[in-house]
Amino acid sequence: MNDFDTLRGLLLHQEKAAISELEHTLATLLKETRDPDLIIEKLTPLFNGLMHHTIENERVQFLETFSPIISDLLKETIQGSTDDIAKVMAPIMGDAIKEQVRTQKDTIVDALYPVMGNMISKYVSGALKDTLDEINAKVQNSFSSTAVKRKIKARIKGVSESELLFQEVHAGEIQTLFLIHKASGLLILQENRNAKIIVEADMVSSMLSAIRSFVNEWIAQSDDTFELNAIDYGDSKIYLEVSGCCYLALMVRGEIRSEMRQNITKVLSEVVEKYGDTISKFNGDTSTLPLGEISSKMKPFFELEDTKVSSPSSSKGLMIVLMMSALLILGAFGYTQYLSYIEEKQEQNILQAFYHTPELNLYRLSVDVNEKEALLEGTVPHERLRIIAESIVEKEEPDLKIDNRIVLTVPVVTPETVYQLLEMLTKVYNSYNSIHVAFNYTNEIVTLKGEVPNSIKFEEMIKYYSEIVGVNKLIIEMRIKPPEINQNITYDIAQSTLNTSQQEIIDLLVKNFDLKNMSTLYEGYRLKLTGYADSSGSLEKNRHLAHKRAENVKHYFVSLGVNNEHVFIDKEMILKSDGRKARAVKIVWEKIDD
Amino acid sequence: MISKKVVLIGDFSTGKTSLIRRFVDNQFSDAYLSTIGVKISRKNILWEENEIQGLIWDIEGGTPMKAINRSYLLGAHGCIVVADITRPQTLESLQDYIEVMQQGPSQIPIVVALNKCDLIEPSHADEIAAGVKVKQNKIEELYLTSAKEGSGVEAMFELLGRMMIGEGE
């Protein structure tokens, strides 16, 4: 090292240190600025502040820069994930629409109006069709000369009668049409049949608008707004068809058909769709609107066919012809009605007889009586039942020819069918007052319990139940219980012989209960007679009296043919009272113990 | 012909119906028949070579119990708010009516009529007018009118007509 360098080193010692420090710092700096990750790390905390500052101070420029991108951004996002966006938007949509309806109702109405009409009329006509069908059915049954005329007219025109009904008086004719700006009530367009211009049309349209507002304010109950649909006066009507920005007022003589009404709605919605915007901006200057185009859309309303009532003279001749044919038809109709009434009664009769025959009751049989012939149809499991059915018909309606088409089937036997048949038969039997029976069906064994009034019925029931297809074993726990007699014969004081009216009582008993055949019918039962006397007088005498009374009753029973063995006289009873009840003979059933 | 809807609003018995009657029929009657709902009159408004058809809606006067039916005000192209210069209460109501009109979707010309000024001294009338003008800065013009004598009525309708067409801004 030479002296110069040493001198330089000594002089620039501090500077050297500074320089090497600077070199170091510079190197680090260079490194950092070349390292993107590091730059990002450093800038990130500042970013929000930067944005905030920009938006605050340079808002307009910021917006200008970003707005072109926003719509593209949205488009990208929406295309990519429609479902997610929809999910996010969905909760807001309801409220958004609500808000829109609240503040800008007319815009929404105009937007939906073209669609709503079709939606609703489609739904309504579907619902209405049923009503119309009903009306038609009812109308079929009416029978007056106007009704006949209308029916014929309907057939000729190929239209449903009820539609003609709607225009009975005159057909509706549109006389004048106004298209009115809804908000201001100013008249946009006027069309007239017969070129008869209404002079104060502007006044009329303003007043109509005022009426609509008035009615809505005073009559609408809640926040809903409703529309005035029509104003009736005399035989004319002003129909109002309202959309969002405008409405139609039609002056009509008579009634217009529902399909015309639908046409009106349709045309108005077309006008609204096409010219709605222009119309809503209407400021009173009609030169700003394409009146010619709108007018041409409305013209068809005036081309309605004229269906006036025909002149009197020709209708009279028609009336006479109609009356004659009506009478003829009436006569023929009446006769056929009568015949079918008779036939129906016969059918009912036969079916009732079937119902009351327990064996047949289980099987579905039908009877059709036509021209003196009874057609029997149905299915039964035995030939015997076929024959029974036929014989019933012969008995009930002897002068009918019988066409017996009842077929035999091998019925399908399942526990369910057996149960059903058991149920049906039991129901039939229980419909008799004196029979109470119940069955139990398990493991193909049927157990019958209950009370039956006599042995004949008892045997019959066993037979029918066991005949049910599928019943293999029948256990009888039924018992015969004769129906209650509850009959007392009452006497005058000291009387013991029977007078005629008392004898009649016993006659009836014997007849109703068939007591002559008591032994077979009510096996195990006998009649028990108890003689009563009151306590006036000596006990001995009263006893004798009571016994005599019972004896005479028994005697009479036997004289009528009742078996002596089956009438038993019980110990006489002496009662403390002296009323008529104390002077009697009581007759009850008694079970004979073996 | 251009048609415009003009509405007259204001407290009851301020002279709305009379103003219209003066304008349309050029008549006046002292009898007071309260208007129910709305009454519509038609009169062509002319000035210079212009003519517009005015459909004038005379709306029943508001009371403390009953506010006016806003649906009548829809679609109006011009408005006249009427007060009875002899009843201060009606002057105070002016503010409310003007606010209602300003709530509409578009700003329409509003004119104030201080009616029945035949009943007070002209100087007093001017005083009151000045007081009202200070408070209301959104109105087009203020008129001192007398339906009875006819002063100010024609001029008022004429001005409103111009404003509705868009002249004289």
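**Notebook: where chain A meets chain B**

I began with charges, and across the interface of chain A and chain B I found 1 salt bridge, a salt bridge being a side-chain nitrogen of Lys or Arg within 4 Å of a carboxyl oxygen of Asp or Glu. It joins the side chains of R42(B) and E200(A), at 2.9 Å from N to O. Side chains of opposite charge can pair when their charged atoms come close.

A note to myself: this is a predicted model, where local features need pLDDT of at least 70, side-chain atom pairs count only at pLDDT 80 or more, and totals for chains, interfaces and linings use all residues. Residues are numbered from 1 along each chain as its sequence is written, chains are lettered from A and ligands numbered from 1 in the order in which they are written, and side-chain values use heavy atoms, with hydrogens and water left out.

Next I looked up the rest of the interface. How many residues does each chain bring to the contact? Chain A gives 19 and chain B gives 20, with contact meaning heavy atoms within 4.5 Å. The area buried between the two chains is about 1,600 Å², and carbon and sulfur atoms give 59% of that. Buried area here is the accessible area (1.4 Å probe) that two parts lose on being put together, summed over both.

Then I went back to salt bridges, this time over all chains, and the count came to 22. One that I looked up pairs the side chains of E99(A) and R102(A), at 3.1 Å from N to O. Both residues lie in helix α5 of chain A (residues 82-103), 3 residues apart, about one turn of the helix. Helices (H or I, at least four residues) are DSSP runs, numbered from the N terminus.

Note on methods
Helices (H or I, at least four residues) and strands (E, at least two) are DSSP runs, numbered from the N terminus.
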